[in-house]
Amino acid sequence: MSPHAPVLLAEVLEALAPGPGDVIIDATFGAGGYTRAILTNGATVVALDRDPTVQPHADAVANDFPGRFRLFRTPFSGLAQAFAESGEAKLDGVVFDIGVSSMQLDQAERGFSFMRDGPLDMRMSDEGQTAADIVNAWDHGPLAHIFKLYGDERQSGRVATAILRRRAEKPFTRTLDLAEVVEKALGGRRGAPIHPATRVFQALRIAVNDELGELRSGLEAAEATLAPGGRLAVVTFHSLEDRIVKAFLTERTGNAPGGSRHAPVAVETRKPSFTLRFKGAREADAEECAANPRARSARLRAAVRTEAPAWGRIAA
């Protein structure tokens with residue numbers, strides 16, 4: 001059994017339509033759920049993942065599908081370079097599965113979860129600043145900002161104040177230690193539908209891994225690298241992620257709203273670089289949600305690359 005069930009798998013395969021001769025990038029390899037399904041349909045997969053712990057899963061896939069699979073250890077921003085290094089001539093599809101994986105949450109030593117005690121790390125790779133570095137060094141303003149922006153935490157200032165007060169006595173090193181401070185700052189969790197630390201941990205994880213910046217870079221790279229007719233599929237689990245993908249596709253398909261007659265905007269002269277595979281977002285059905293609770297918040301958006309030049313940078 002895979003330690004991480006791929007969400008909306010049937011819908012992703014329908015959007016990508018992989019077949020013999022196609023080359024697909026699985027930009028979030030993880031345990032290889034999407035990759036195996038794509039390979040089973042006859043395509044070649046160039047997989048990306050910045051998490052070094054996925055290597056055993058990659059070795060198993062390479063053994064089962066010799067000659068049609070290769071893994072590059074890189075975040076989304078390295079997509080174009082990885083494809084160039086793969087030696088493949090044409091890219092027919094890209095799939096992104098945004099956010100943290102179930103197997104990362106389940107590994108206490110990674111520090112992603114407040115449900116298990118572990119080092120306050122949260123890095124998807126083994127490089128860069130940790131969550132402990134952030135909570136022990138950042139000033140009140142920046143901490144409160146990320147808690148509000150990335151976690152939608154209404155009491156972000158109160159949480160930041162509690163963190164600064166506690167770290168003056170002793171620095172944070174463990175997940176449960178931080179979770180306890182956050183819970184006390186927010187007045188406990190009796191009757192709350194989610195743990196009080198949920199939003200703060202989510203915000204720290206996004207900040208540690210620059211997840212939204214990497215998503216923008218990945219979308220830009222996919223646009224620049226996909227061949228005409230190439231398919232793009234993106235699965236998100238958070239409104240911030242989905243908002244970025246929706247805005248990207250709305251703009252790139254030429255459907256961005258114009259200005260009012262009182263404040264007209266310049267006419268966009270660039271041709272659409274994508275057409276929508278389907279309108280809106282697809283969501284998991286009740287059966288999948290019952291089998292995999294992670295699917296409840298999943299949203300799939302998909303598009304097809306046109307022959308128009310890539311638009312380039314995404315506004316933050």
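Author: What follows is a short exchange on the nonpolar cores and on strand pairing. This is a predicted model, in which local features need pLDDT of at least 70, side-chain atom pairs count only at pLDDT 80 or more, and totals for chains, interfaces and linings use all residues. Residues are numbered from 1 along each chain as its sequence is written, and side-chain values use heavy atoms, with hydrogens and water left out.

Reader: How many residues has the largest nonpolar core?

Author: The largest nonpolar core has 60 residues, and Phe-96, Leu-219 and Leu-232 have the most contacts inside it. Such a core is a set of buried Ala, Val, Leu, Ile, Met, Phe, Trp, Tyr and Cys residues joined through side-chain atoms within 4.5 Å; buried means under 20% relative accessible area (1.4 Å probe, protein chains only).

Reader: Which helix gives the most to this core?

Author: Helix 10 (residues 198-209) does, with 7 residues. Helices here are DSSP runs of H or I, at least four residues long, and strands are runs of E, at least two, numbered from the N terminus.

Reader: Turning to strand 8, how many of its residues are buried?

Author: In strand 8 (residues 299-305), 6 of the 7 residues are buried.

Reader: What does strand 8 pair with over 6 bridges?

Author: Its partner there is strand 5 (residues 231-236), in the antiparallel sense; two strands pair if DSSP finds at least two bridges between them. Ala-302 of strand 8 is the bridge partner of Ala-233.

Reader: And where does Leu-276 stand?

Author: Leu-276 stands opposite Ala-303 in strand 8. Strand 6 (residues 274-276) pairs with strand 8 in the antiparallel sense over 3 bridges.

Methods
Buried < 20%, exposed > 50% of the residue type's maximum accessible area, 1.4 Å probe, protein only.
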